[in-house]
Structure formats: C-alpha cells, structure tokens
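Let's take a walk through this structure together. Have the sequence and the 3D view ready, and follow along as we go.

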Number of protein chains: 2
Amino acid sequence: MVSISKRSTFQVGQELANEKTLTLSSTSNEGYLISLRPLVEPTESEKEFPFEWAFAGPPSSAKIEKKDELTDAIDFEFEYDTNVQLNAENTHRGVIKTVWKKWVSGLVEERGQVFPFGKDKEAVDFFELWQPLDATRSDFVMLDGNSENQETARSVVLSVDNAEFKGLVITVGRWTQGILFKKNEHTFNGLNILRALEQQDGTWKTLLQYGPDFGNFPQTFAAPVASSVDGGALKWKVVESNV
Amino acid sequence: MVSISKRSTFQVGQELANEKTLTLSSTSNEGYLISLRPLVEPTESEKEFPFEWAFAGPPSSAKIEKKDELTDAIDFEFEYDTNVQLNAENTHRGVIKTVWKKWVSGLVEERGQVFPFGKDKEAVDFFELWQPLDATRSDFVMLDGNSENQETARSVVLSVDNAEFKGLVITVGRWTQGILFKKNEHTFNGLNILRALEQQDGTWKTLLQYGPDFGNFPQTFAAPVASSVDGGALKWKVVESNV
C-alpha cells in the first residue's frame, strides 16, 4: 500500500506547536520512503536552502514493530539525510526511535526523541502530527472511507548510484518526490530536490525544484520494473513499479 | 466569505494532544456559526449523546478583534450550547476568550481558557488546531490557492424560534450543519443535530442524524432570503441566502 501524508504540526522540546513547512512524506508499496520539508516562507538566511530537512531511504531505513492495532514503533536510519550530507552541526546522527499512533479521527501522531548534541547528551522530545492523504488525487484530499484503494495505486521507485551521484525518486499515485546527492559535495550545491504532481490532464507540474543538478532528475516517473529512465546525464534504474 | 474547518487536534490542560471527534465548524457569509463535534468511537456511556459538544449562534456570538495580519482575538458567547441546554455540571458559562493565529502552512491555531468550575475558580487552557477546507467540495479537501472562491460559495442560514423550539441550520458550499433545541426539555431529548453533504449528483447525504425531533429539520437547504422552508411541523425562516 502506498501512503502520502501532510504534516499538520511539529512541536519540539518546550516550544509551542507550529508548522512552517509544507511537508509531505511518502512511502512506496515496498517501503521506500521520502520526506521533503520545504519552508513556506523562508527568511533571508534560509533562502539559500529553503528546507527544514529532507531525507529518504530504502525499506531498510525504517524498522517497523507493531505494538497494537493502532500503534507502531519505528526505528529510522536514513540513507539520504540532508543534515548528514551537509555535515550540519548540532543535528542528530544514527537511529531515531519513534512511536506512531493512529487516532480514531484518522490523523497519526508521531513521538520520538533526537540527540542533536550527541548520543550521550541531552535528548530533545518531538511531536509531529500527520494527515494521511489520498495519493490518487491531485488536491490535498484527506484519506477516508471514500478514497480510492491505496493498495492498487501507482507505486514507482527510481534510483541511481554511480561514482558521482546517488538518488531516489518515489512516485505514489499522482505525487512524485525525489532527492539527488552529489556524493562528494557536502554543501548546498550537493543537494537536489524534486516534487511534482500529475495534473488531471496527465501532465506533471513541478512543485519543488532545487539544486544545480536538478536537470539530472528524470522527467517521466512511470516505467516498467528493471528498465531504466534517462535523467539528464544519469540513467535511473526502475527498482519498483506498478504503473 | 464562508468557511468550514475540520479540527485536527484538541489539547486541554496538561493532557496530550488528541482528536476523538470529527469536528466541523462552519461560518456563513454574514457570520452565523455552528460547530458540531461528534465522537468517532463513543464509549457505551457516551452513546446516548455521542458528541463532545455542539454549539451555534448568530454573528453576535463572536466578537472579533483583528490583532495583526495573521491573528484575531475572538470572544465567543453562543446562543446555542448543548452544555447549557443540558444544564451540564462543570462546564463553562458565558464569554470564552480565544486567540486565533493563522500559520503560514494554512492551518489555524486557537488558544483560550475555559472556567468549567466557575469564573473565579481554576482556568483550564486549551489548544485546538483547525484545517480550513474548500466548502465547495464534497470531500475533505484542504483550502489552498487552487480552491474555488469562498466569497461566492453558497451561504444559506435558516432559523426557527417559536414557543417550543429554536434552531439554526447553516449551509456553506456543499455542507449543511444544524441544531434544534426543544426549549423546555433540558435532557438529551431536547437536542437535535444535523449534518448533511451535497453529493456530486446534487442529492444530499445525511452524515449526522440525532434527536427525537430530527424530523423537524428542513430537507432542502437552499431558498431565497425572507422566504420560508418547511421542516416537519416547523416553518424555518431564511435569514441569509446566496444560493
């Protein structure tokens, strides 16, 4: 089953709940995941990299343990993490332990702790609230009993990994999100981010376009598994596909 | 402009944020308001009246003071309040002072205090988070730059006030919510609640149906202003209408 969720709020440490981003997290049928967190109104100093964070990874990035009908414990360790790629100071490294709880109203709470100053230093609690969306719709439509079956929705994953680049592009339903790192470039110039949305007429509208190598993202996102898709100078491999 | 918002979370006192209802609050062009808060999974003891709360009122029920571009102070005093009608113990009476703040992501936070044990007793802080919806859509579609103009959307208000009953039915876009009190019946039998949604084919689907006098709600919700609409034994007056 694919999923795509929009974050409703983020609360960290003793701060009040707020939401300054348009964060969408998506997961493919097989469990490839990506979360892009662009700031809606970046300040001047944030404009160079107008994101709170972005990360992605293969299914092994999320170890899921079912606690009860409504609750999962998920240990995350992302293969792609903008903080790691940037060697950003005072940001978490390694596994992040979280607990996810589905509310009867359909929203999903995530609680966890990060250790931005090191594993043996102060823990910072966080709370995030997620609104699951219908991946097959091109508006932000809340997932509910009237939604299309998310089991049969489109789920396509493209990846690239060569000497210079590594990247992941995940399409669920009408929503594509992608991340592409230039391996040895640990500055903003090493980060490329894509979000695109399939319109009613079948064309794709780019919603997020970031990075000097953005042209190396593919422009079509649906192809049979084990084939490849060109993206600028790169050949992206189709690692999962039900078009 | 009409508005309809779905509550994403509710946090009261020292409790953790949660959302056990499917709460929709709607406001007509002229400022008539109604908020219906049905419990999604009522417990056995809640089933007799499966609502957290319901209230409504004319424009004078909400005194709005603009604080800045994104912030309003709103003092509420509801003409219709299920707690008052039921003479429910340990619930707030009189004006509720709140502050509403629009987040850059489009959600709206509400913070305030209630005094369930009396004005000079302990105050209880609350936080509610609202997701504005596109009133013209028959799914829960988040309001955004692609939405229909909410200024021109349908806005119709019906009211009744006779010796026995008083009630208010507010339609914004495709969404109707109504409340009807039997004036001298201060039990669950004095409460009637309606929520209905206009489907794509123009028919109305009843989403909430509560109360022994539910049959006194009208069955059509759009009519010219100053006309009247029959609802069972009652004649409802059209007090606001742009059909």
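Start where chain A and chain B come together: the area buried between them is about 2300 Å², and bear in mind that this is a predicted model. Carbon and sulfur atoms give 59% of that buried area. Why put it as an area at all? The size of an interface is often given as the accessible area lost when the parts come together. On the side of chain A, the residues that lose the most area to chain B are A:Trp103, A:Val104 and A:Met142, which together make up 25% of what that side buries. As for who takes part, 27 residues come from chain A and 27 residues from chain B.

What about charges across this contact? There are two salt bridges between chain A and chain B. Take a look at A:Asp139 and B:Arg137, whose side chains meet in a salt bridge with N and O 3.1 Å apart. Polar contacts turn up here as well, with six residue pairs counted between chain A and chain B.

Now hop over to chain B and find B:Glu109, which sits in strand β9 (residues 108-114) of that chain. Is B:Glu109 buried or exposed? With a relative accessibility of 9%, B:Glu109 counts as buried, because the cut-off for that is under 20%. Its side chain has a polar contact of 3.0 Å with the side chain of B:Trp103. Setting aside neighbours within four places in sequence, B:Glu109 touches residues of its own chain, including B:Val99, B:Trp100, B:Lys101 and B:Phe127. Its list of contacts also has a residue from the other chain, A:Ala17.

Switch to chain A and look at A:Glu109. A:Glu109 is buried too, at a relative accessible area of 8%, and its side chain forms a salt bridge with that of A:Arg111, 3.0 Å from N to O. A:Arg111 is partly exposed, with 24% relative accessibility.

That's one of the 32 salt bridges counted over all chains, so let's visit a few others. In chain A, A:Lys183 and A:Asp161 pair up, with their closest N and O atoms 2.5 Å apart. A:Lys183 belongs to the loop between β13 and β14 of chain A, while A:Asp161 is in strand β11 (residues 155-161), so this bridge ties together parts that are 22 residues apart in sequence. A:Lys183 is partly exposed at 27%, whereas A:Asp161 is exposed at 56%.

Chain B has a salt bridge between B:Glu198 and B:Arg154, with the closest N and O atoms 3.1 Å apart. Here the partners are in strand β14 (residues 191-198) and in the loop between β10 (124-133) and β11 (155-161) of chain B, so the parts being tied together are 44 residues apart in sequence. Both ends are buried: B:Glu198 has a relative accessible area of 14%, and B:Arg154 has 17%.

Let's finish with the rings. How many aromatic pairs are there over all chains? The count comes to 30. One of them is a stacked pair, A:Phe49 and A:Phe188, with 5.2 Å from centre to centre and 15° between the planes. A:Phe49 is found in the loop between β3 (33-38) and β4 (51-57), and A:Phe188 in the loop between β13 (175-182) and β14 (191-198), so the pair ties together parts of chain A that are 139 residues apart in sequence. A:Phe49 is buried at 10%, while A:Phe188 is partly exposed at 29%.

Elsewhere, ring pairs link A:Trp53, A:Phe55, A:Phe76, A:Phe78, A:Trp100 and A:Trp130 into a cluster. Check chain B and you'll find the charged end of B:Lys166 over the ring of B:Tyr80, 4.8 Å from its centre.

Definitions and conventions. Residues numbered from 1 in each chain as written. Chains lettered and ligands numbered in written order. Predicted model: local features only at pLDDT ≥ 70, side-chain atom pairs only at ≥ 80, totals over all residues. Heavy atoms only, no water. Phe/Tyr/Trp six-rings, centres within 6.5 Å; stacked < 30°, edge-to-face > 60°. Helix = DSSP H or I, 4+ residues; strand = E, 2+ residues; numbered from the N terminus. Buried < 20%, exposed > 50% of the residue type's maximum accessible area, 1.4 Å probe, protein only. Lys NZ or Arg CZ within 6 Å of the ring centre and 35° of its normal. Contact = heavy atoms within 4.5 Å. Buried area = accessible area lost by both parts, 1.4 Å probe. Salt bridge = Lys/Arg side-chain N within 4 Å of Asp/Glu carboxyl O. Polar contact = N/O pair within 3.5 Å; in protein donor to acceptor, adjacent residues only side chain to side chain.
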